[in-house]
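Subject: Structure for you, with notes

Hello,

Here is the structure I promised. Please open it alongside this message. My notes follow below.

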Amino acid sequence: SDIMMPNMDGFTLIEHIRNEKDLQWTPIIMLTAKTLENDKLKALNLGVDDYLTKPFSVKELKVRVRNLLQNKLAREAWINQEFFKSDPIEKSSSNTILPDNETDKIWLQSVNEKLESLYADAQFDATTLAQNMQLSKRQLERRLKSVTGLSPAKYIQSFRLNKAYAILESGSFDSISNVCYGVGFGSPSHFSRIFIERFGKKPSDFK
């Protein structure tokens, strides 16, 4: 969705989608202007899964759509697996496995707040995140997978990649290696490889 549209802007559209029970987990990509940081933050707070700045390449869009659909399928598969493993009495309640959208959004924001202060530390990992959230690793994995479809390690990696993308997009960096180390990755070659997988473009494309 674009932000500026006739009759209804993108923010209002997202709110309607997130309030519809049958649509609330639909992955959404928002189109934003490169310079409007507030629009990106507002979109993410409303539950947008990803954003693209205009102009964008078709290749990058396809990669991002593929990643979001893979995460959605992984999340649904995990929920179904947990549902069939659960006790028959629990299955009688439709709220036993399926997460509550508003509750999970608030919880995920608290996860992101922890990540915001710790992601740059290369030693920070899923175990550290679980400790900071006062959960066991298993509890953290169950909750994150039910909400995002990602394991804690993958979610931390995705958070770091998004931070790297924002830095590269802003142009406020002196070298790609420094960006890599600055967001908590230990190897520039590994960073470049997974960056391409995530965004469909190389870090060096921002130079």
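Where does Gln 134 lie? Gln 134 sits in the loop between helix H6 (126–132) and H7. Its phi is near 55°, a positive value in a residue other than glycine. Gln 134 has a relative accessible area of 74%, so it is exposed. Bear in mind throughout that this is a predicted model.

**Overall**

The chain has ten helices and two strands. From the N terminus, the elements run α-β-α-β-α-α-α-α-α-α-α-α. There are 207 residues in the chain, and buried ones make up 38% of them. Take the contacts in the chain with a separation of 6 or more: 57% of them join residues 24 or more positions apart. The chain exposes about 11,900 Å². Carbon and sulfur atoms supply 54% of that area.

**Backbone points to check**

Asn 7 also has a positive phi, near 75°, and is not a glycine. Asn 7 belongs to the segment before helix H1 (10–19). Its relative accessibility is 88%, and therefore Asn 7 counts as exposed.

The bond from Lys 54 to Pro 55 is cis, with omega near -5°. Pro 55 is placed in the loop between strand E2 (50–54) and helix H3 (58–85).

**Helix H7**

Helix H7 covers residues 137–148, twelve in number. At 1.5 Å a residue, H7 should span 16 Å. The buried residues of H7 are Leu 140, Leu 144, Ser 146, Val 147 and Thr 148. Just after H7 comes Gly 149, with a positive phi of about 85°.

Thr 148 lies in helix H7. Its relative accessibility is 14%; buried means under 20%, so Thr 148 counts as buried. What does Thr 148 touch, not counting residues up to four places away in sequence? The list is Asn 71, Arg 75, Leu 108 and Tyr 155. Thr 148 and Asp 104 are 44 residues apart in sequence, and their C-alpha atoms are 9.7 Å apart in space.

**The nonpolar core**

The largest nonpolar core has 38 residues. Those with the most contacts inside this core are Val 111, Leu 115, Leu 129, Phe 191 and Phe 195. Which elements give two or more residues to this core? They are H1, helix H5 (101–118), H6, H7, helix H8 (152–170), helix H9 (176–182) and helix H10 (188–199). H8 gives the largest share, seven residues.

Leaving aside neighbours within four places in sequence, Leu 115 is in contact with Phe 124, Leu 129, Tyr 155, Ile 156 and Phe 159.

**Aromatic pairs**

How many aromatic pairs are there? The count comes to eight. In one of them, the rings of Phe 195 and Phe 199 have their centres 4.7 Å apart. Their planes are at 55°, so this pair is tilted. Phe 195 and Phe 199 both lie in helix H10, four residues apart, about one turn of the helix. An α-helix has 3.6 residues a turn, so residues three or four places apart point the same way. Phe 195 and Phe 199 are both buried.

Phe 195 also pairs with Phe 206. This pair is edge-to-face, 6.1 Å centre to centre, with 85° between the planes. The pair links distant parts of the chain: Phe 195 is in helix H10, while Phe 206 is in the segment after H10, eleven residues apart. Phe 195 counts as buried because its relative accessibility is 0%. Phe 206 has a relative accessible area of 18%, and so Phe 206 is buried.

Ring pairs link Tyr 165, Phe 185, Phe 191, Phe 195, Phe 199 and Phe 206 into a cluster.

Best wishes

Definitions and conventions
Residues numbered from 1 in each chain as written. Predicted model: local features only at pLDDT ≥ 70, side-chain atom pairs only at ≥ 80, totals over all residues. Heavy atoms only, no water. Expected span 1.5 Å × (residues − 1). Buried < 20%, exposed > 50% of the residue type's maximum accessible area, 1.4 Å probe, protein only. Core = buried A, V, L, I, M, F, W, Y, C linked by side-chain atoms within 4.5 Å. Contact = heavy atoms within 4.5 Å. Phe/Tyr/Trp six-rings, centres within 6.5 Å; stacked < 30°, edge-to-face > 60°. Areas by Shrake-Rupley, 256 points an atom, 1.4 Å probe, with all protein chains shown as cover.
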